[in-house]
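I opened the model today to look up a few helices and single residues. My notes follow in the order I worked.

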Amino acid sequence: MNEWAAKRFWKATTADKVDGGYTVHLDGRPVRTPAKTLVVVPTQSMADAMRDEWEAQDEKIDPLTMPVTRAANAALDKVSTQHAEVVEMLAAYGDSDLLCYRADSPEALVAQQATGWDPLIDWAATELKAPLKLRTGIMHEPQDPQSIQVLQALVAELDPFRLTAFHDLVAITGSLILGLAITRGRLDAQTAWDLSRIDEEWQIAQWGRDEDADAQAGKKKEDLLRAAVFFSLCA
């Protein structure tokens, strides 16, 4: 039986300040990641959220009900040990960003993409100093390397906890620009989700909904909103 299948063994759950940050104690013992790393997080609010997740566990520990704890574990065990690689992977989304690839028809879809996405392309150029070129169709065309370098530098500024959340924001939406817009306060996560779904919602309007696809989309949206919450807990 692994750590995550263990039964609840503690009575008191506390969130406390420790050297280097904050942690959760179970009957006075600090929690650890699956890799046995001591869980020390950057803010009291994150530790409080983790404490609430641990306190809510009943007979058995269910990690699916502990998104903040799971994200903190990932930051410590995975992202912190390969920060540069994660930054490079996420920056690569900018070279094929969802917002840059446009339909050439029908006119209504073209207009929806322009209305939703053009302001963010303009924002990237003016505020982030990373102009991106628009493409028609789905064939990849590289962006200006200088723009990608600028975007990569912005991603590299994120600490492992913020980068963990940012990974999901980018991977789920398919857009580095949407991820940056969420983390920099340009958009809320719900709006970013809606913008990332313009193409899918157009297809649904034409052909109808699919129950399985809706369920998958709902799970992705939930994960996106949770990632945004985790990012907010980093400050």
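Entry 1, helix H5. The model is predicted, and I began with H5, residues 145–156. I counted twelve residues in H5 and a reach of 16 Å from its first C-alpha to its last, close to the 16 Å expected at 1.5 Å a residue. Next I asked which residues of H5 are buried. They are Ser147, Ile148, Leu151, Leu154 and Val155. Looking down the axis of H5, I find these buried residues within an arc of 120°, so they line one face of the helix. On the other side of H5, I noted Pro145, Gln146 and Gln149 as exposed. I then looked up what the buried residues of H5 pack against: helix H3 (83–91), H6 and helix H7 (176–183). At the N-terminal end of H5 I found a cap from Asp144, with a side-chain oxygen 3.0 Å from the backbone nitrogen of Gln146.

I ran through H1 in the same order. H1 also comes out at twelve residues, with 16 Å from first to last C-alpha, close to the 16 Å expected at 1.5 Å a residue. I listed its buried residues as Met46, Ala47, Ala49, Met50, Glu53 and Trp54. They cover an arc of only 160° around the axis, which puts them on the same side of H1. For the cover over these buried residues I wrote down several elements, including strand E1 (13–18), strand E2 (21–26), helix H2 (67–79), helix H6 (160–173) and helix H10 (211–232).

How do H1 and H2 pack, and at what angle? I read an angle of about 120°, with the axes 8 Å apart. That angle makes H1 oblique to H2. On the H1 side, I see Met46, Ala49, Met50, Glu53 and Trp54 meeting Pro67, Val68, Thr69 and Ala72 of H2.

I located Thr33 in the loop between strand E3 (29–30) and helix H1 (44–55).

I found Arg226 in helix H10. Its relative accessibility is 32%, so I put it down as partly exposed. Leaving out residues up to four places away in sequence, I have Arg226 touching Leu64, Pro67 and Arg70. I also checked Arg226 against Thr23, 203 residues apart along the chain, and their C-alpha atoms are separated by 20 Å.

Terms used
Residues are numbered from 1 along each chain as its sequence is written. This is a predicted model: local features need pLDDT of at least 70, side-chain atom pairs count only at pLDDT 80 or more; totals for chains, interfaces and linings use all residues. Side-chain values use heavy atoms; hydrogens and water are left out. Helices (H or I, at least four residues) and strands (E, at least two) are DSSP runs, numbered from the N terminus. The expected span of a helix is 1.5 Å times one less than its number of residues. Buried means under 20% relative accessible area, exposed over 50%, partly exposed in between (1.4 Å probe, protein chains only). The arc is that of the directions from the helix axis to the C-beta atoms. Contact means heavy atoms within 4.5 Å. Axes are lines fitted to C-alpha atoms, for helices over the stretch in contact, and angles run from 0 to 180 degrees between N-to-C directions. Angles under 35 degrees count as roughly parallel, over 145 as roughly antiparallel, 65 to 115 as roughly perpendicular and the rest as oblique. A polar contact is a pair of N or O atoms within 3.5 Å; within protein, one must be able to donate a hydrogen and the other to accept it, and residues adjacent in sequence count only if both atoms are side-chain atoms.
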